[in-house]
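Thanks for coming. I will show one structure this morning and walk through a few parts of it. Please look at the model first.

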Amino acid sequence: MATPRNVVELECSECGKKYDAAAEQHLCTCGKPLLARYDLKRAAKTLSLEHLSARPRTLWRYREVLPDGEAVTLGEGMTPLVHTLRLGASLGLEHVYVKDEGLNPTGSFKARGMTAAVTRAKQLGAKTLAAPTAGNAGGALAAYAAAAGMAAVIVMPADTPVANVMECQAFGAKVVKLDGLISDCGKYVADRKDREGWYDVSTLKEPYRVEGKKTMGYELWEQFGGKLPDVILYPTGGGVGLIGMCKAFDEMQEMRWIGPERPRMVAVQAEGCAPIVKAWEERRDSAEFFPNAATMASGLRVPGPLGDLLILRMLRQTRGTALAVSDDEMLQAGRELASLEGIFAAPEGAATVIGARKLAASRWIKPNETVVLFNTGTGYKYAEAWQRALEA
């Protein structure tokens, strides 16, 4: 008898329509993202703290709740969870942790999504992978495509940080630079993918990047000894990491690892590109395209996130919130995080420090609560931003 597949079906995140997971699928016919569903009763038989202790320290340790196929891996996941005592004291909080995703392959959390997406794309027979990117996703896709022996086309705004452009080229990807935003790059891929035979790996336009990102939630549970923090602050551009972690928590509850309690999720955006914050403040279920988007934090420069409905729904369900910070505040916080804790963060990660400070000052976060800040990338890839920070 054939071994059951991990992913039993794909389901539309909005209308609930079901799709065959054995075939290549992208968006639902209603235009919304598809999410992978698993036989979690079967998964729970072998996925436990006891079993995990003997497994390799990569995100593929959670194999039962990840896509099928021989893993295309560079050793991603199981990033440090750093207890930041000095930073916590400066925020007036006792239990502040930084999950440092900058220590992943290619220097960002994007490695998580791409190991899963490329693994599944290869098994489905894809030849050329394509995606728009504001920076880190391109480098990650190029690296994992190279590891898989596949071609990659990376489409990025002309003002993308130089380090991101160079790494894509080094991995052998074809790089296309456009004047405009990531939304313009997304349109470029969408208009050409069918004609060129590209497999579209754009954010939430295939079901598996979110599966890699959700492992951040599984790792928090494991690193906290089978518990979850009270509050998670997440820098939110496309929002796949936030969506993925909330999906992971739902899966954990179904496997009876946790009860209905959830960390309060906080989406942190840049003042110059804050569609989720604007929608949240206006109490809307969806976000409008954010005009004239501008921020040095390239990963936050996503004016029209495809996952807006999911992000806003998950903020409500977890009793979370959304807030925006300025570029100058990010620069200041980056210096603070580096000098107090030795963590050289991307501007997006530094944004969560400011978010935590504001929420602690308003008492939305209580002094004794356990708080996790996500640094989604290494500062080494943001030379231009850090030069500006150090000159300030």
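Some ground rules. This is a predicted model, in which local features need pLDDT of at least 70 and side-chain atom pairs count only at pLDDT 80 or more, while totals for chains, interfaces and linings use all residues. Residues are numbered from 1 along each chain as its sequence is written, and side-chain values use heavy atoms, with hydrogens and water left out.

Sheets, then. When I say helix or strand, I mean a DSSP run, H or I of at least four residues for helices and E of at least two for strands, numbered from the N terminus. Two strands pair if DSSP finds at least two bridges between them.

Take the antiparallel case: an open sheet of 3 strands, in the order β2-β1-β3. The edges are β2, residues 18-19, and β3, residues 34-38; each has a single partner strand, so one side of each has no neighbour in the sheet. Between β1 (residues 7-12) and β3 there are 5 bridges, in the antiparallel sense. Within that pair, V7 is opposite Y38 of β3.

The parallel case is an open sheet of 4 strands, ordered β8-β7-β6-β9. Here β8 (174-178) and β9 (198-200) are at the edges with a single partner strand each, so one side of each is left without a neighbour in the sheet. On average, neighbouring strands of this sheet are turned by 25 degrees against each other, direction ignored. That angle is taken between axes, which are lines fitted to C-alpha atoms, for helices over the stretch in contact; angles in general run from 0 to 180 degrees between N-to-C directions. Strand β7, residues 151-157, runs parallel to β8 and is joined to it by 5 bridges. P157 sits opposite L178 in β8.

Another parallel pair is β11 (residues 264-270) with β12, over 5 bridges. A270 is opposite V325 in β12. Is β12 enclosed or open? Of its 5 residues, 321-325, 5 are buried, so the strand is largely enclosed by the rest of the structure. Buried means under 20% relative accessible area, exposed means over 50%, and partly exposed is in between, with a 1.4 Å probe and protein chains only. Both faces of β12 are covered, with T321, L323 and V325 buried on one side and A322 and A324 on the other.

Now the cores. A nonpolar core is a set of buried Ala, Val, Leu, Ile, Met, Phe, Trp, Tyr and Cys residues joined through side-chain atoms within 4.5 Å. The largest one has 61 residues, and L242 and M245 have the most contacts inside it. Helix α10, residues 240-254, gives the most to this core, with 8 residues. Apart from it lies another core, of 36 residues, including L87 and I354.

Which helix packs against α10? Helix α9 (residues 215-223) does, at an angle of about 55 degrees, with the axes 7 Å apart. The two are therefore oblique to each other. For the cut-offs, under 35 degrees is roughly parallel, over 145 roughly antiparallel, 65 to 115 roughly perpendicular, and the rest oblique. Contact means heavy atoms within 4.5 Å. Among the residues making it here are M216 and W221 of α9, and M245 and F249 of α10.

Last, the loop residues. N104 lies between β5 (95-100) and α4 (110-123), and counts as buried at 5% relative accessibility. Its side chain makes a polar contact of 2.9 Å with the side chain of E101. A polar contact is a pair of N or O atoms within 3.5 Å; within protein, one must be able to donate a hydrogen and the other to accept it, and residues adjacent in sequence count only if both atoms are side-chain atoms. A polar atom of the N104 side chain also lies 2.9 Å from the backbone nitrogen of G77.

T295 is in the loop between α11 (275-281) and α12 (308-317), and at 6% it is buried. The side chains of T295 and D327 are joined by a polar contact of 2.7 Å.

G379 is in the loop between β13 (370-375) and α15 (383-391), buried at 2%. Leaving out residues up to four places away in sequence, G379 touches F344, A345, A346 and W386.
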